[in-house]
Every structure is written in structure tokens, then in C-alpha cells.
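Dear colleague,

Please find below the structure that I am handing over to you. My notes on what was found in it follow directly after.

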Amino acid sequence: MARTYLYSRFLRFWHWAQALLVLALLITGFEVHGSFVLFGFERAADYHCNAAWTLLAIWFLAWFWHLTTGEWKQYIPSPLHRIIAMMRYYGLGIFKGEPHPFHKSQWQRHNPLQRMAYLSLHVLIGPAVWISGLLYIAYPYWDERGLLGFGLTPVAVAHTAAAFLMLAFLVVHLYLALTTSEKPFGYLKGMVTGYEETHDESLQPSSRGGDV
Amino acid sequence: MRKVVFLVIVQGALLLNLPVWAQGPQTTADHAKFEELNGPFADGPSVTRACLGCHTEAAKQLHKTTHWTWAFDNALTGERLGKKNVVNNFCVATASNWARCTSCHIGYGWKDDKFDLAREDAVDCLVCHDTTGSYRKFPTDAGHPNYQAKQWPPKKGKLWQPPDLANIAQHVGKPTRDNCGSCHFYGGGGDGVKHGHLDSSMHRPDHATDVHMDASGLNFSCQTCHTAGGHEIAGSRYAPQAADTQGIDIPGRTDGNHATCVSCHGDAPHGDQQNAKLDQHVSKLACVTCHVPEFARGGRKTKMWWDWSTAGRKDQHGKPLVIKDSDGYATYDFKKGDFEWQANVVPEYRWFNGEVRYARIGQTIDDSAVVPINRIEGGPDDPQSRIWPFKVMRGRQPYDTQNKVLAVPHLFGKDDEAYWKSFDWGRAIKAGLTAVDQPFSGDYDFIETEYYWPITHMVAPKEQALACDQCHRRDGRLANIDGLYMPGSDRWEWLDLIGWLAVLGTLGGVSLHGAARMVAARKRRKG
């Protein structure tokens, strides 16, 4: 076992700010949607907007960070056989107590399924949320700009659908992040301290280079 | 203590420094000093002749107004409207009932359809300009006050004294709320009957009833908003301005009409302290939609239902039946049928672009459904439309079942054709329709009608304006408004279904996966 520095300070900040904001947005968003009453509509809508602007700012920063540091490469999909290996692990190996088929390192932080999941989070769910969300916020100005010929309905529906996807993603993410590390809450600890216990590199199939 | 004394002194100094225009009447003429007004006056028209001696153009001006003609040419729809030409679902129509209806006309003597609308001395100056509060038109004298003491209601023993015309003439001034209210608060035959947002509580409304007219606050008169020039008053319910996009009214640049909220408050009225979202509602909502959360809020009830079909009943002693509720409001009157009254009424909401289509005398109706007395035009895609609050007056009234026209019942009069004399609908409808040159087939029945009244008065204090969640919730106030997606109120139900199924399915999936892992791990440890 080795202690590897996986999560830089910015990355941890970005992760936790995003976690907090996404949670707040889900709660206030579903209240605005009318699913339950917690803060009351006016405050919920207000909080939702403020949280949305904040998250947008952080996303903007994060995209910039990913592009300038080369971190975006962490999201390049792995070859199919490696994805299948991961799927086999979650579907079979994990029950048999087989070792994790993937080795983490600073430049290989995500397993092949995580790569796919986070890639879709960043290029599908995220943009779906914020494009529909920005249109939603800008709704009062549609008319004066003469921009859009449709009403709020498709935007609201898209935004709601994206929110459901985000919530489903969060469920899976929390399950895997909290239960699949070797030591209880190992991943959680890693995301707090930046360091994660990883297996000795020599015991695992090397993934450096091959995947990228 | 010293602070209090200081404050008292400052307050006193401020009061002493009140500008001269804020004190007392501003007129430069004391009408009590005019010999022409010494009287005695035999009747109303002789007072008017005295007024016209100086105010030479006044009657000519009034002759052009709806207040005088009771006719209104709607430039928007081309319809000829006005009390003279429309049917309603209160007392139904003015034709053939003139002397009773015209007790609220600003003239003298409109007792039949031969009234000379060009007569200058028939204009009643006093009803609008009396400042003594003692001028009253007699309910059945075609707009005249009574000139001798008379009983009203008839045979009830209560004497209605004639007004002192000379004294009133010597004390004329700018119209107050009481002058306008003497007709507009009692429309439909009684206090608050017609409008629901104009009733006797508006003579001296408190802050909670109307923030603008609050007698101990801003104390607006009617003309503060309904600006008047040449006796023409701004603001019309026949052709209301549903959306004022001009912004604050500035002399020389705009129309000088203050009869919209925007003309004083602008189109971004909520200010920086408020949620910016509020101002963004201006493109969809009329101000009054949130700011008049309920009407008939001044402690009076308004009539919401009038069923003429049940009129004419007598009690077990053969006496005409009148039933009153515990607050003294008649719920049944043998002359008029069944009524329903309501206070603090939640309005109904509709898209409205200012265009109103009225059922006019002689117009064919569709009797298979509720007949609209007026139709509110507008919709979500029309940029001139806003969501407005309405009082919807409903009731049942007579119609000709073969010709399919709403009846004009001849109700009032000393002749036996009058319904209130013989209680014979057939005769009353024939006489009424004949009076407006319409045929009557002889067959009549009663049909349900509805009549929309835009609500504009009784603006509540801002703390009582509608909160967001009054509309932004399932089955909120605007649930029946279509054409827009309202967060909190609207949703695609199948999307919610699929969404929650997906989330719950995911949760179930990971739970199963987790449970299976625990079982497998236990087995491994044992094995």
C-alpha cells in the first residue's frame, strides 16, 4: 500500500463546492418544481438562482482549470476491453472479492467507468442543466430580444429532466464513493485530505500510458 | 424627554411651514358670494341655468361624455355600447325602465326614450359638484331630486326631504369621492351590488381597504388617477387599457392619463430592495392581479348571483316575500328573485388585452350554454394581454326562447305591463322588447349568464399583496390560466413519473447491489 496524492487543493475545493451547490440546487429546485414545501416558493426560487450563479462561476473556473492543466485528459474514454473489465468487476468480481482491476495514480485518477460517468456528467448533464437553466433565468428577456419563438415549457421540462438525471447520478456516485473503497470511507477521506491509499503499483496491471 | 420635546417642536415647525397649496380649498371663487346663486331655485334645471351663466361651455362639454350619453362607441371593436345599448345581468336593461335607472344619470328628466340629449339645462351640475353632502337625486324621478318631501321607500313612512338647492349651489366645488360614489358605489341598485371594488366603504376607506384612497393616509380623490379635462374623465371599463407600456406619465410626452398603475409607478415598480423577479412579472400580469388579492374588502358584501327566475313569490299570508341574511342583505326579494352576496371575494383570473365584446340588445345568443354578457378577449401569445382579476357576476335572466335574444324586461312603471306591477313576465318582456323595436315570440325562459368586471380598485397594502406561492403551487390561483408554464404549478406529469421512477430505480439497484455484496462478503469470510 502506498499513499498517493490524488486530489489537488483546487480539485477538492471544486468537488465539495459543487457537491454542496448541487445538493442545494436539487432541494430548492424540486421545491420550485412543486414537489414539496420547505423554504416557501419565493425563498426557494431565490436560493436556487443564487446557487445556480455560484455553481456556474465554479464550473467556469473548473473548465478553465481542466483545459489549462491538462486534467481534461482524465476524461478520455478508455478502450472497450478495460470498460468491460470494470463492468465485469462491478457485476461479478466485487462479489467474489477479486482485486480491483484498475490502478489509480495522479494521472489515472478515474477507472474506465468513472471516466465515462464523469465525462457524461461534464459534457451532457452539466451543460443540459446550465443551458436550460440560463434560458430559464433569461426568460423575461426573451420577448424584448425577440430570440425564441417557444414558451417556457420546453425549457422547464428540459431543466427538470436534467435535474432527475443529476439526482440519479448522485445516487450512484454516493453509493460507489462511500462503499467501494477498501477501508470504510477511504474515498471520502481521500477527497478530504487529497491522499488515498493505493495498491503497490507492481501488483497491478500498469495503466499509465496505455489508456491515455 | 428632551428628545420628545425637540420632536414636538420640530413637528410643529414643519406643520407651520406647510405649503399654501396643501391647505384648504384652492378655488379663487367663493360661490356663496355670487348673486346668481342666491336662489330660491324651483328645480334642478334652474340651478344649471345659473351655473351656465358663467360656465358657458360646461354643458356642451358634458354632452360629449359617456356620463351624459350613456352611449359609448368602442373604436376597438366598432360596437355601440354604453348603458343605453347593452344588456346586463343586474337590472338587465335601461330601456323602458328609464325613470328608475336614470336616477343615476347626470341629467334631469330622462324619463323615456324621447329625452332631449341636446338640452343644456338638463345637465345636473350639482350631483358632481355638491360639497355639502346634502344633494340627493330621488330614486324614481328620472334624475331629479325631489322638490317636496316624499316617502321613500313608498308607503314605509320615512320622509325624504328635498335638498336646499340654493345652499348647495353656493357651496359647489371640485368633485370628491362622495360625489362620484353617490352613483358608482351604488350601481346595480344598492351599496356594492355591482362592482365589488367600489362600495360605500370607499367614501372613507382605511389603509387596508385601499392604500391610495386611505382617508387618513394618501386620501386620493377619484380624479387623482381618473384625470379630468373638459369634463372628460380618463379610464373606461368599456375600453380599458390592459397593458400600459408607456411607463410613468410625463406631461407633454405621454397622454396625461393617470388611470393606470404604470402611469405613476412605472413598469419596474418594485425597486432594488425587492426580488428582481417581481418586476419581471409585469409583462404577464396586471398590477392588480397581485395587489388586489380580494375585493369587497371594506366590510360590505357584493352581489355575486342574481336569479330572476324565482321572482314573484309570496309568503303563506299572501304577502310579497323578502328574506334577509343575518347581516341584513336580502337573499330573496319577490321583485327580483334570489341573490347571493359575498365579502372578501377571491377574483377569477383571465387573459385580457383590453378588448371586451358585449351582448347588445337584439343580439342572437346560443342558449345551449351559459350566455356571456361580455367576452374578455386576449391570450398568452398576445403581447397586449395581461392576466387580470375579475369579478364574475352570474345569474339567470329571461330570454326569448324562439328568437334567442336576451329579454329587455319592462320592470319599472305605473302601467300594468311593468313586471313590478303585475308580476307577469310575458307582458313585461313584450313591453320591454317592443320599447327597443324587437319582436317577441311569446315564449320565454330563463338562462344563466355571466358578466366579467375587471377589478382595479381596493388596492391592498403591499404586505397583503399575493405571495408567490399563491399562484406558484399546484392548484394555485392561476391554475386555470393556460398558455404559460408556471414553476410550482405546472409540470409534465409523465416526466415526473419517469424521473422519480428512474431515481427510485437507481436507488433500488444500488441497494440490491450493496446487499448482495454484503451477503457475498459474509459467505467469503465463512468459507
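**The interface between the two chains**

The contact (heavy atoms within 4.5 Å) takes 33 residues from chain A and 27 residues from chain B. Please note that this is a predicted model, in which local features need pLDDT of at least 70 and side-chain atom pairs count only at pLDDT 80 or more, while totals for chains, interfaces and linings use all residues. Residues are numbered from 1 along each chain as its sequence is written, chains are lettered from A and ligands numbered from 1 in the order in which they are written, and side-chain values use heavy atoms, with hydrogens and water left out.

Together, chain A and chain B bury about 2,800 Å² (the accessible area, with a 1.4 Å probe, that two parts lose on being put together, summed over both), and 66% of this lies on carbon and sulfur atoms. How many salt bridges does the rule find across the interface of chain A and chain B? The number is zero, where a salt bridge is a side-chain nitrogen of Lys or Arg within 4 Å of a carboxyl oxygen of Asp or Glu. The rule does find 10 residue pairs in polar contact there, both residues being at pLDDT 80 or more. A polar contact is a pair of N or O atoms within 3.5 Å; within protein, one must be able to donate a hydrogen and the other to accept it, and residues adjacent in sequence count only if both atoms are side-chain atoms.

On the side of chain A that touches chain B, the elements giving two or more residues are α1 (9-32), α2 (41-69), α3 (80-96), α4 (112-137), α5 (139-145) and α6 (152-179) of chain A. Of these, α6(A) gives the most, with 13 residues.

**Chain A**

Chain A has seven helices and two strands, where helices (H or I, at least four residues) and strands (E, at least two) are DSSP runs numbered from the N terminus. Their order along the sequence is β-α-α-α-α-α-α-α-β. Of its 212 residues, 44% are buried, that is, under 20% relative accessible area (1.4 Å probe, protein chains only).

**Chain B**

Chain B contains 15 helices and 17 strands. Its C-alpha atoms fill a box of roughly 120 × 80 × 50 Å along the principal axes. Buried residues account for 44% of the 527 residues of chain B. Among contacts in chain B with a separation of 6 or more, 67% are between residues 24 or more positions apart.

Yours sincerely

Technical notes: Buried < 20%, exposed > 50% of the residue type's maximum accessible area, 1.4 Å probe, protein only.
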